[in-house]
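Hi everyone, thanks for coming. I have one structure to walk you through today, so let me put it up on the screen.

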Amino acid sequence: MQDPDGPSSLREQIPRQTFIDLSHNFPAHAMRHPALELIRAEFDGALDIGTLLASQVDIGLHAHRVIAARWLGRFGIEAETDDLLITCGGQHALLLALMALTRPGDAVLAEELAFYGLKSAAGMLGRSLVGVRMDREGVVPEYLDVVCRRTGAKVLVCTPTLHNPTTATMSDERRRQVAEVCARHDVLIVEDDVYGFLGDPPLRPLAALAPDRVVHISSLSKLAGPGLRIGFMRVPRHLVYAFGIAMRASTLMASPFNAEWATRLLASPQVDRIVAEMRAETQARQALVAALLPAHAVMAHPNAYYFCLKLRNGWSAEAYTQAAEVIGVGVTPLSLFEVSSTHQSDTVRVCVNAAPDRETLREALEKLTILLDAGAPPTVRFRAAV
């Protein structure tokens with residue numbers, strides 16, 4: 001089986017026509033955006049190509065940062081244009097945060113199950129991730145307090161809304177508690193909020209609660225698709241210079257062309273319809289999950305692009321993933337997300353928005369259910385027991 005941290009998107013390939021890849025959000029046959037025509041309309045306007053080609057402003061053009069500030073303001077984040085950086089998406093923003101806020105050998109706190117893009121970035125930069133215990137609301141404040149005291153780490157990276165892969169979402173009270181623990185230990189928070197717009201209604205970001213302590217990350221990848229490669233970072237003013245150095249050391253700047261398209265989209269009067277249609281399609285797909293899979297085996301959220309399936313009948317996550325691939329469905333073992341050993345060897349992540357349409361998703365879910373009910377072969381059960 002292919003290394004899951006080097007997915008098929010590493011290079012362009014001709015996908016297997018009968019394979020339904022639910023292992024990541026945007027495989028070759030992912031769904032068409034439900035509001036694609038609205039998005040396309042925003043791309044039809046004329047460009048000032050000369051200005052965009054000649055522009056080199058490391059943190060992004062002022063006009064683009066103005067629109068980004070207005071977008072973040074919708075979620076309660078007060079941001080001046082000088083507090084904002086235009087990035088090449090959320091993954092680039094995570095890399096910048098690690099580069100700007102930490103040094104090689106530093107410990108960085110994260111949820112015990114962390115987005116594997118963060119794990120990859122930390123590993124490449126020589127930072128050690130330390131997992132913090134989670135529950136259905138994400139980071140548990142009491143454990144965070146213990147780990148802060150034990151490690152002396154000064155940065156926490158977390159996803160308060162629709163955590164990937166568990167869909168855990170912090171309540172307002174949990175957000176306040178996490179912010180208080182970090183303030184007590186002088187810990188900066190990197191808030192990965194790329195799914196924040198899917199909240200209905202959106203929850204108040206950590207950056208709105210503790211603006212001097214939180215670096216806020218948002219992105220267009222989950223709203224419009226990964227091809228734009230544009231994100232926004234709201235950075236406490238005293239840290240902007242450090243982030244500017246990291247920006248120049250990585251990509252110098254994000255593409256002004258891409259930023260132009262992205263900010264046109266956010267400034268469009270159609271953006272609310274685009275968000276609403278994305279939510280509606282996701283909710284319809286999660287309704288299929290609820291109808292076809294046993295509730296006790298599923299960790300899900302109506303607005304999440306994925307869910308976790310807890311296995312039974314002798315299946316380990318790795319064995320189930322391999323068996324699912326044989327019958328034509330891709331899923332991801334939760335071990336890929338583990339910061340340290342958390343004994344999640346009996347759970348897989350399934351991305352509902354990865355299927356091209358609902359009927360294909362239904363077919364994949366039915367296959368996964370049959371495989372789950374059939375149970376692991378005796379050889380697999382024996383290996384798991386040893």
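I'll go through the sheet, then the nonpolar cores, then the aromatic rings.

Two notes on method before that. This is a predicted model, so local features need pLDDT of at least 70 and side-chain atom pairs count only at pLDDT 80 or more, while totals for chains, interfaces and linings use all residues. Residues are numbered from 1 along each chain as its sequence is written, and side-chain values use heavy atoms, with hydrogens and water left out.

Let's begin with the sheet. Helices (H or I, at least four residues) and strands (E, at least two) are DSSP runs, numbered from the N terminus, and two strands pair if DSSP finds at least two bridges between them. Here 7 strands make an open, mixed sheet, ordered S2-S10-S9-S8-S7-S3-S4. Strand S2 (84-87) and strand S4 (128-132) are the edges; each has a single partner strand, so one side of each is left without a neighbour in the sheet. On average, neighbouring strands are turned by 20 degrees against each other, direction ignored; axes are lines fitted to C-alpha atoms, for helices over the stretch in contact, and angles run from 0 to 180 degrees between N-to-C directions.

Within the sheet, S8 (residues 188-192) and S9 (residues 214-219) pair in the parallel sense over 4 bridges. Val-190 has Val-215 as its bridge partner in S9. Helix H3 (residues 62-73) packs on the sheet and touches S2, S9 and strand S10 (231-234). Contact, by the way, means heavy atoms within 4.5 Å.

On to the cores. A nonpolar core is a set of buried Ala, Val, Leu, Ile, Met, Phe, Trp, Tyr and Cys residues joined through side-chain atoms within 4.5 Å; buried means under 20% relative accessible area, exposed over 50%, partly exposed in between (1.4 Å probe, protein chains only). The largest core has 118 residues, and Leu-144, Met-233, Phe-243, Leu-309 and Tyr-320 touch the most other members. Helix H4 (residues 90-101) gives the largest share, 7 residues.

Finally, the rings. Rings of Phe, Tyr and Trp (its six-membered ring) pair if their centres lie within 6.5 Å; planes under 30 degrees apart are stacked, over 60 edge-to-face, the rest tilted. That rule gives 6 aromatic pairs. In Trp-71 and Phe-75, the centres are 5.2 Å apart and the planes at 75 degrees, so the pair is edge-to-face. Trp-71 and Phe-75 are both buried.

Thanks, and I'm happy to take questions!
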